[in-house]
Amino acid sequence: MTLKRLNTKDIDRIIPLVQELNPELSGSTIKENQQEMFSISNYLCFGLFHANNLIGISSGWITIRHYSGKQIEIDNVIVASTHQSKGYGARFIELIEQWSREQGCKTMELNSYLTNPRSHKFYFTQGFKILGFHFYKEL
């Protein structure tokens, strides 16, 4: 398995994975959002490859926070349903952690949907702990 940084040329391969986590989103909406994300200077998109097949994606941003110092915040961590519960997710997190340490990050942070308890169990086994609440408001 390998970790690669993705870019705008990979958007069409990213769309089906994003739809697994967000089936209500159309391909065109995901494409538009993804193009805008790639235009943000500190945006990162990682791909997990197995035998040259993209089987996982994660967005990320390097930030500095007072409570944690330099950190990577990962988001939209998705492993294809056909590859879940086979150790790929753990390896994906491990590879992102390794990359982040090389960039000088001290911590990793993420949000997980309340409606996804399976992911909560996974993140606990990866050493994450609940630090607070994620609040959301439409504007």
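Helix H2 contributes the most to the lining of the second largest pocket, with 4 residues. Helices (H or I, at least four residues) and strands (E, at least two) are DSSP runs, numbered from the N terminus. The model is predicted: local features need pLDDT of at least 70, side-chain atom pairs count only at pLDDT 80 or more, and totals for chains, interfaces and linings use all residues. Residues are numbered from 1 along each chain as its sequence is written, and side-chain values use heavy atoms, with hydrogens and water left out.

**The pocket**

Select Val-18, Asn-22, Gln-34, Met-37 and Asn-76, which lie nearest the centre of the second largest pocket among its 15 lining residues. Next, colour helix H1 (11–21), helix H2 (27–38), strand E2 (43–50) and strand E3 (53–65), the elements that each give two or more residues to this lining. A pocket here is an open set of points on a 1 Å grid over the protein atoms alone, where a 1.4 Å probe fits, with protein on both sides within 12 Å along at least five of seven lines; lining residues have an atom within 4 Å of a point. The space in the second largest pocket is about 180 Å³, a volume being the space filled by probe spheres set on the points, which are joined across faces, edges and corners.

By class, the lining has 9 nonpolar, 6 polar and no charged residues. Ala, Val, Leu, Ile, Met, Phe, Trp, Tyr, Cys and Pro count as nonpolar, Asp, Glu, Lys and Arg as charged, and the others, Gly among them, as polar.

**The salt bridges**

The structure holds 6 salt bridges, each a side-chain nitrogen of Lys or Arg within 4 Å of a carboxyl oxygen of Asp or Glu. Select Arg-13 and Asp-10, whose closest N and O atoms are 3.0 Å apart. Arg-13 is partly exposed at 41% relative accessible area, whereas Asp-10 is buried at 11%; buried means under 20%, exposed over 50%, and partly exposed in between (1.4 Å probe, protein chains only).

Move to helix H3 (residues 88–102), where Arg-91 and Glu-94 lie 3 residues apart, about one turn of the helix. Their salt bridge has its closest N and O atoms 2.3 Å apart.

Also in helix H3, Arg-101 and Glu-97 are 4 residues apart, about one helical turn, and their side chains meet in a salt bridge (3.7 Å, N to O). Arg-101 is exposed at 57%, and Glu-97 is partly exposed at 23%.
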